[in-house]
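Subject: Structure handover: rings and cores

Hello,

Here is the structure for your files. Please look it over before reading the notes.

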Amino acid sequence: MKCIHADYDDTAQKYFIARNAKTEDWPAVCRRFNDDVERIGDISDLDDYTGVYVCNDDGGKKVFYLVREDKALFRMKHRHFFDKIGLT
């Protein structure tokens, strides 16, 4: 699963790829933000990215990422959920 850092234009109410952003591995980004990530919407007008996620850093700053969602992400979400409730 790949992702890319995004910015939000409040005036146009649109997400766009941040300047000088590079494609990253989504699970690595999640670990970097201690899994404090949340899906906040769909995106359909930028390449093949399908979801917009917000990551919260330790200082409470929100960082947006566009993510190419696939079946592996679905499995990862369920595995993480079961880890949190102690079923793995």
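The notes below cover aromatic pairs first, then nonpolar cores.

This is a predicted model: local features need pLDDT of at least 70, side-chain atom pairs count only at pLDDT 80 or more, and totals for chains, interfaces and linings use all residues. Residues are numbered from 1 along each chain as its sequence is written, and side-chain values use heavy atoms, without hydrogens or water.

There are six aromatic pairs (rings of Phe, Tyr and Trp, the last by its six-membered ring, with centres within 6.5 Å; planes under 30 degrees apart are stacked, over 60 edge-to-face, the rest tilted). One of them joins Tyr8 and Tyr15: tilted, 4.7 Å centre to centre, 45° between the planes. Another joins Phe33 and Tyr65: edge-to-face, 6.3 Å and 70°. Phe33 sits in the loop between helix 1 (26-32) and strand 4 (37-42), Tyr65 in strand 6 (residues 62-67), so this pair ties together parts 32 residues apart in sequence. Helices (H or I, at least four residues) and strands (E, at least two) are DSSP runs, numbered from the N terminus.

Phe33 is buried at 11% relative accessibility (buried is under 20%, exposed over 50%, partly exposed in between; 1.4 Å probe, protein chains only). Tyr65 is buried too, at 4%. Tyr8 is partly exposed at 33%. Ring pairs link Phe33 and Tyr65 with Trp26 and Tyr53 into a cluster.

The largest nonpolar core has 11 residues, among them Trp26, Phe33, Tyr53 and Tyr65 (buried Ala, Val, Leu, Ile, Met, Phe, Trp, Tyr and Cys joined through side-chain atoms within 4.5 Å). Helix 1, strand 5 (51-56) and strand 6 each give two or more residues to this core. A second, separate core of nine residues includes Ile4 and Tyr49.

Best wishes
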